[in-house]
Amino acid sequence: MGVIIACLVFALVCFDSLIPSETTSVRHTDVIVVGATGDLAQKYLWGGFFHLFLKRVGEGHSFTIYAVGRSPPEHANPILDGILKEKTKCPLDMTVDHCIEMKNKFHKATSYSMLKTNEHYFEFCSAVHDRRRTSGRMDGEIIFYLSVPSSSYIAITQLINKHCRLHSGKIKVRIVLEKPFGNNKESAKMMDSALGEVFTEEEIYRVDHYLGKTIVREILTFRFLNRRIEDKLNKDDVQRVEIFMKETVGVKGRIDFFDQTGILRDVFQNHLTELLTLVAMDLPQNLSSPEDVKAYKLNLLRSVRPATRSSVLTGQYSDYLTEVKNELSDTTNSTFTPTFAVAMLHINSPRWEGIPFVLVGGKRLDERSSFIRIIFKQNRVCVSQCADSSGGCRTEQLVFQLGHGALKTPAILVSKSLGIPVWPSVLKEADFNHIDTVFGDTVSNLFIATPVSDPDAYAVLIEDILSGRKDRFVGSKHLSALWDIWSEVITQTDTRKPKIYEAGDEARILDFIITGSMMVFTDKIEQVVERDFEDDQRQTPTTFLGYKLVTNTAAYIVSMLAEDIAKKVQSTLNHSWNFHIAFSGGDSPKRLFHVLAQQFAHLPWKRIHVWQMDERCVPFTDFQSNFYHLQDLFLSFVPIPHENVHPMPVDINGKLCATRDSGRISYGESLKYHLPDLSFDYSVLGLGSDGHTASLFPNSPALSTDMKVVLTENTSDHFSRRMTLTFPVINNSKHISVLVTGKEKSNILKQLEESEGSVSDFPILGVNPAGGSLVWYIDGEALPEL
């Protein structure tokens with residue numbers, strides 16, 4: 001140990017003689033790259049620090065660069081020498097001689113030290129401090145760039161705080177961290193708390209290198225300069241926003257990291273959501289204020305709805321498990337690790353209500369390309385000189401091509417029908433006549449501009465770190481808001497098997513369709529086919545009791561049911577002013593309420609009336625009340641006018657379903673007033689384990705009555721008294737769906753399929769729409785093996 005420490009001190013003293021003596025008037029920076037020979041440092045960091053060195057040394061700034069790691073010098077130095085020779089590239093306009101000169105200076109300014117133990121940190125930091133004191137360099141910065149696994153952050157930062165702070169002079173300490181910042185919200189919060197005990201938020205720089213990419217840096221400026229386009233970034237003009245990050249490479253050699261992370265943590269929780277923020281946030285009045293920009297970003301993130309399981313699809317390339325077995329001993333959870341994902345997010349704001357933001361990212365795909373594509377609605381109609389105008393005849397789009405793709409370069413593309421754009425000063429209009437089409441449109445129909453220069457993203461961010469500029473870094477509150485969006489759904493996908501695809505996806509099995517609030521792989525779209533009830537030759541159930549059947553997981557069928565309701569709403573309101581929907585009580589519709597409220601904010605709720613099929617005779621504030629759950633899970637989240645909500649009046653003047661009260665009579669009159677034909681546009685029913693539906697129970701007199709609203713009893717239930725609609729109203733609905741989920745319903749479904757029971761035995765058999773449609777939505781656990 002003594003030999004190592006002696007060599008370390010000797011190296012620092014001798015190394016100091018290579019740097020010209022500086023006076024206190026010259027700003028000096030110590031750069032300490034922790035994990036200096038790792039993958040990230042090799043690919044990006046050394047090139048970024050050389051770029052900084054070239055720019056700032058000519059301005060009189062001085063640097064000392066320390067490469068540190070856990071390997072002994074005799075192992076690390078040859079690797080570091082190779083890295084510095086390969087990764088330090090000079091600008092094209094620099095002469096060969098000048099390039100050689102600057103590379104030699106950079107190499108001489110860089111030395112390696114082993115940092116592994118508490119003693120190593122003490123001796124290293126003492127030597128760094130002594131060198132600063134003897135040279136009179138008591139200002140500037142000490143930048144610690146942690147190019148190590150995030151699991152090491154807390155231990156390393158504690159050692160840095162203990163040994164490496166200078167408590168005199170004006171030297172600022174900056175800690176630079178790489179993603180991932182935790183595995184979920186809880187772990188990120190714990191890490192943030194631990195870091196906050198030793199460093200202030202101002203001293204911490206969390207890197208998302210996408211924020212340093214040239215086009216990404218110009219998104220806000222472009223929006224600010226192009227007010228006509230900016231005014232179209234809203235729910236009335238935008239059809240959807242696509243944010244893609246596709247790579248052709250896999251994760252071989254990075255399995256240890258990726259298998260614990262997966263694609264959602266790797267790029268969705270950070271890169272892709274950051275890009276969403278830049279195109280969706282409101283523009284601050286002072287775009288040059290980093291604090292204002294950060295505040296507006298945070299406001300946007302806090303309005304993004306959390307991702308849900310039904311709005312996320314995952315995949316895994318076919319060779320992944322083989323690569324895992326070659327690199328890891330524990331492959332227990334590897335079958336669940338996604339290497340591809342697509343997610344759809346929505347924003348709770350008047351500006352973006354109902355607009356889907358579709359995020360796609362993956363490895364081993366058909367091309368390398370990352371972009372943001374804003375597709376505008378075709379809601380303009382050409383009236384005059386249409387033959388000479390492209391207005392309304394082509395897809396309008398604005399594309400921020402971050403890199404690669406068909407153009408092979410970063411670019412901004414604007415449909416010419418949007419008008420001549422004003423380009424930021426760092427862009428110039430480019431000619432791509434050698435390409436016919438891009439993003440589904442002809443190149444001739446697009447204005448295209450590319451960067452005048454395209455510095456590496458890390459070079460930009462490293463310079464920001466030196467300058468103390470923080471708007472392109474992830475703050476603590478910002479990080480928490482990101483995890484609010486993704487934490488729960490990532491945890492859910494940790495135990496969800498992804499779809500297997502081949503490299504390049506030549507079979508296009510990753511193609512998907514957007515159906516309102518959910519997405520479905522195209523080869524998994526449920527084909528609902530009618531068949532003859534008497535057909536005994538069926539191999540798979542596509543009908544149940546003679547009516548259409550949709551079956552899959554509970555989440556899937558609920559999403560499909562919600563989508564069907566949304567479609568019926570839109571088609572009905574094309575020719576009618578109002579849409580009337582009725583829900584039965586119980587547990588069945590609770591998940592449906594959540595999906596409708598969270599994923600269908602775009603529906604015209606002000607024109608929708610909500611009715612109850614049945615209700616327990618309890619106060620509305622009682623947890624057993626059906627209306628309590630309707631209000632708590634659904635009505636609280638959608639803007640339905642109070643007068644459009646029709647609860648069953650089970651509590652009148654403090655009396656609950658009194659035989660002589662006017663509750664059922666007034667509900668019947670309300671039905672006749674709003675629906676003269678007594679025909680709901682849509683009715684959602686459930687199924688009890690005894691075959692009842694709504695509150696129509698076996699052997700009940702209500703099964704054969706002509707009254708529209710009745711009081712019933714269920715002797716097997718503590719809350720026996722109910723108010724319910726009857727078959728004359730239910731069967732008059734234009735569309736009826738029966739939602740059945742859970743293994744406990746399998747037995748009654750089997751009885752219904754096999755028996756010839758009567759309506760008195762199984763009231764659900766009385767549901768036979770007079771002229772409307774009926775569809776059964778049954779999940780895989782409930783559906784019996786027939």
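Reader: Fine, so what kind of model is it, and how many helices and strands does the protein chain have?

Author: This is a predicted model, and the secondary structure of the protein chain comes to 20 helices and 33 strands. Taken along the principal axes, the C-alpha atoms fill a box of roughly 105 × 70 × 55 Å.

Reader: And what share of the residues is buried?

Author: Of the 786 residues in the protein chain, 55% are buried.

Reader: Let's get to the strands, then. Is β5 largely enclosed or open, and why?

Author: Strand β5 covers residues 172–178, and six of its seven residues are buried, so the strand is largely enclosed by the rest of the structure.

Reader: Which strands does β5 pair with?

Author: Strand β4, residues 141–146, runs parallel to β5 and is joined to it by six bridges, with Ile143 standing opposite Arg174 of β5. Strand β6, residues 204–207, also pairs with β5 in the parallel sense, over four bridges, and there Val176 stands opposite Tyr205 of β6. To get from β5 to β6 the chain passes through helix α7, residues 185–196, and this β-α-β crossover is right-handed.

Reader: Switching topic: what is the strand order in the open sheet of eight strands?

Author: The order is β21-β22-β33-β32-β29-β23-β24-β26, and the pairing in this open sheet is mixed. Its edge strands are β21 (543–544) and β26 (645–646), each of which pairs on one side only.

Reader: How is β24 joined to β26, parallel or antiparallel?

Author: Strand β24, residues 608–612, runs parallel to β26, and two bridges join them. Within that pairing, Val610 of the chain stands opposite Val645 in β26.

Reader: OK, now β17. How many of its residues are buried?

Author: Six of the six residues of β17, which spans residues 446–451, are buried, so this strand is largely enclosed by the rest of the structure. It pairs in the antiparallel sense with β13 over four bridges, where the bridge partner of Leu413 is Ile448 in β17. Strand β14 pairs with β17 as well, in the antiparallel sense and over three bridges, and in that case Leu427 has Pro451 of β17 as its bridge partner.

Reader: What sits in the loop between β13 and β14?

Author: Val422 is one of the residues found in that loop, which lies between β13 (411–415) and β14 (427–429).

Reader: Is Val422 buried, exposed or partly exposed?

Author: Val422 counts as partly exposed, because its relative accessibility is 42% and that class lies between the 20% limit for buried and the 50% limit for exposed. Together with Phe224 and Leu225, Val422 makes a nonpolar surface patch of about 230 Å².

Key:
Residues are numbered from 1 along each chain as its sequence is written. This is a predicted model: local features need pLDDT of at least 70, side-chain atom pairs count only at pLDDT 80 or more; totals for chains, interfaces and linings use all residues. Side-chain values use heavy atoms; hydrogens and water are left out. Two strands pair if DSSP finds at least two bridges between them. Buried means under 20% relative accessible area, exposed over 50%, partly exposed in between (1.4 Å probe, protein chains only). A crossover is right-handed if, with the strands pointing away from the viewer, the path from the first strand over the helix to the second runs clockwise. Patches are made of residues with over 30% relative accessible area and no salt bridge: like charges are joined within 9 Å, nonpolar side chains (Val, Leu, Ile, Met, Phe, Trp, Tyr) within 5 Å. Accessible areas come from the Shrake-Rupley method with a 1.4 Å probe; for residues, only the protein chains shown count as cover. A salt bridge is a side-chain nitrogen of Lys or Arg within 4 Å of a carboxyl oxygen of Asp or Glu.
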